[in-house]
Amino acid sequence: ALTLGAVGSGTLIDYVQAYRGTDDAFEMFGGTVNLKHVVAVGCNDDGLDSDFGYVGKIQYAYIKMGGGLGLTDNQSHGIESDNSGDSALQPNALPRTRPILLNATFDGGGVGVDGIRIRRGSAYVLQNVVVTGFGSSTAGAINSAGACLNFDSAETYSSTFANGVFNGVISITGSYLGCPTLFGGETPASNAVFDLGTFYNGQAENTSGASGAGLFTASGRIPAATSALRTTTQASTDAFFERNAVKGAFAEGDWTKGWTIGL
């Protein structure tokens, strides 16, 4: 729907919706462009896709899978991130793809495969992110292996875990995963001691469950008044990011009202 090729930080994508596109909703090929208040509904591939050294910043993203043209393969995820666009094209090339994402909600709608898939040497900084409803479709076998969080390829593991030590290149804090299968992906023999669940649970204020039941109001996206999502102390010191104490895309009120469709 919106492709950003080597776009710099002089550009801000703010209050933009991708609706029922047949490919990725927002894809960043390299560059440093920043995004705020972005919505994707019913797109036929990934919600946020990053490649080729993208190192921009994103805050307030709401991605809802389904309701579009119908997912046709096993490649539709809330996030898909590569260091290169192909596993044969230098997955350890620098600068490494490493976006910073705060306050996002990914709703798989029972049709999305992986909530977050980080692969091919990519990295990511994720803070106060909520992922629910992925890998739970009964409509077809394409979604049977999906999970909330998926790391894939040897370069991805080695970029954040070397000689038995986590180096912080990939960081996930203050987040909630709610899927029937929480963790997926391939652990190469060279990193056989790496366990994705241990990695996630060992970082600050991360929690998980089998679903997002009871966490939201009737809208399905706004945290309920007593929701556990309304408690986090994780906050970035970067001036680009607004400070709040909520996990997910919605701190106060529904910023999607009045300008979006399909919600």
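I began at one residue pair: L101 stands opposite L126 in β10. I took strands as DSSP runs of E with at least two residues, and helices as runs of H or I with at least four, numbered from the N terminus. The model is predicted, so local features need pLDDT of at least 70 and side-chain atom pairs count only at pLDDT 80 or more, while totals for chains, interfaces and linings use all residues. Numbering runs from 1 along each chain as its sequence is written, and side-chain values use heavy atoms, with hydrogens and water left out.

**Entry: strand β8**

Two strands pair if DSSP finds at least two bridges between them. β8 and β10 (residues 125–132) pair in the parallel sense over seven bridges. Strand β6 (residues 57–64) also pairs with β8 in the parallel sense, over seven bridges. There, I63 stands opposite F106 in β8.

Next I checked cover. Buried means under 20% relative accessible area, exposed over 50%, and partly exposed in between (1.4 Å probe, protein chains only).

**Entry: aromatic rings**

I count rings of Phe, Tyr and Trp (its six-membered ring) as a pair if their centres lie within 6.5 Å; planes under 30 degrees apart are stacked, over 60 edge-to-face, the rest tilted. The structure holds nine aromatic pairs. One of them joins Y15 and W259, edge-to-face, at 5.5 Å centre to centre with 80° between the planes. Y15 lies in strand β2 (residues 12–19) and W259 in the segment after β17 (207–209), so this pair ties together parts that are 244 residues apart in sequence.

**Entry: a charge over a ring**

My test was NZ of Lys or CZ of Arg within 6 Å of the ring centre and within 35 degrees of the ring normal. The charged end of K36 sits over the ring of F240, 4.8 Å from its centre.

**Entry: whole chain**

The protein chain has two helices and 17 strands. Of its 263 residues, 55% count as buried. Contact means heavy atoms within 4.5 Å. Of the contacts with a separation of 6 or more, 70% come from residues 24 or more positions apart.
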